[in-house]
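User: Hi! I'm new to this one. Could you walk me through how some of the helices pack?

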Amino acid sequence: MISPREISLDDPFSVDITNLIVGYLDDAEMEVVHVLESKGVKMVPFELNYTVDDVQGILNFTMDVDMLAHFDEWQRSGEDDSYEAQDQWPVELRRACMIPAVDYVQAQRARGKLVREIRESFSVNAFIGNATDWEKVCIGNLVGMPVLVVPTGFTKISNPPPHGTRRRTTITTGIYAPPNHDHIALALAMAYQSVTTHHRQRPPIDDLGPNDLMVDSILARPDHRCSETIPCL
């Protein structure tokens with residue numbers, strides 16, 4: 001089982017990325033792969049191998065019981081009855097009271113096995129993959145695997161209005177590193193962003209583009225002496 005502890009963060013500026021071997025999953029943004037490769041990083045196909053089933057279930061058991069232990073007095077005193085969203089945290093904590101101790105211990109045994117398997121699976125210094133995949137999010141939380149999310153561009157929004165829109169949503173990818181190796185993910189992200197500009201851009205909102213001007217509705221009212229245009233950031 002992993003316990004919270006303070007660790008020092010190694011200097012990402014001291015990392016020579018040309019000495020790194022970085023894997024990429026099937027769902028990786030290939031632009032990131034190509035950019036890092038152009039910077040001298042050795043990029044190889046990679047697969048995260050583990051045999052533990054129901055990673056999300058393990059995370060739910062762990063988080064729910066840990067939260068209940070933290071808010072136990074709050075719940076036992078009845079203060080949760082005054083919480084405005086009764087269909088959210090109060091229900092979650094009450095449900096956690098019903099988790100048998102045996103099931104919680106078994107979940108932690110499965111978690112320990114997952115930690116060992118993920119560490120053994122790390123045959124690379126880091127890997128690139130989808131940052132929003134819930135399975136990997138759960139694994140990262142259970143194992144202590146750092147991930148740095150970097151923007152890689154824009155894409156059209158889902159369910160746009162019938163008349164069309166210039167609105168866009170950000171595409172991201174994740175740079176995953178082994179536990180306690182946050183500096184590796186940081187070094188790779190810095191290398192990627194040193195030659196790209198995605199992190200400096202903002203997605204268009206409504207029908208306004210990144211370089212368009214919008215009229216401040218308050219300053220442009222007739223009762224004001226002047227109107228003013230404000231750049232859309």
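This is a predicted model: local features need pLDDT of at least 70, side-chain atom pairs count only at pLDDT 80 or more; totals for chains, interfaces and linings use all residues.

User: Great. Which residues of helix 4 are buried?

Analyst: In helix 4 (residues 89–96), Pro90, Leu93 and Ala96 are buried, meaning under 20% relative accessible area with a 1.4 Å probe, protein chains only. Helices here are DSSP runs (H or I, at least four residues), numbered from the N terminus. Down the axis of helix 4, the buried residues fall within an arc of 125°, so they line one face; the arc is that of the directions from the helix axis to the C-beta atoms.

User: And what do they pack against?

Analyst: The buried residues of helix 4 pack against helix 2 (55–70) and helix 3 (72–76).

User: At what angle do helix 2 and helix 4 pack?

Analyst: About 100°, with the axes of helix 2 and helix 4 9 Å apart. Axes are lines fitted to C-alpha atoms, for helices over the stretch in contact, and angles run from 0 to 180 degrees between N-to-C directions. Helix 2 and helix 4 are therefore roughly perpendicular (65 to 115 degrees).

User: Who makes that contact?

Analyst: Asp64, Val65, Met67 and Leu68 of helix 2 meet Trp89, Glu92, Leu93 and Ala96 of helix 4, where contact means heavy atoms within 4.5 Å.

Definitions and conventions: Residues are numbered from 1 along each chain as its sequence is written. Side-chain values use heavy atoms; hydrogens and water are left out. Buried means under 20% relative accessible area, exposed over 50%, partly exposed in between (1.4 Å probe, protein chains only). Helices (H or I, at least four residues) and strands (E, at least two) are DSSP runs, numbered from the N terminus. Angles under 35 degrees count as roughly parallel, over 145 as roughly antiparallel, 65 to 115 as roughly perpendicular and the rest as oblique.
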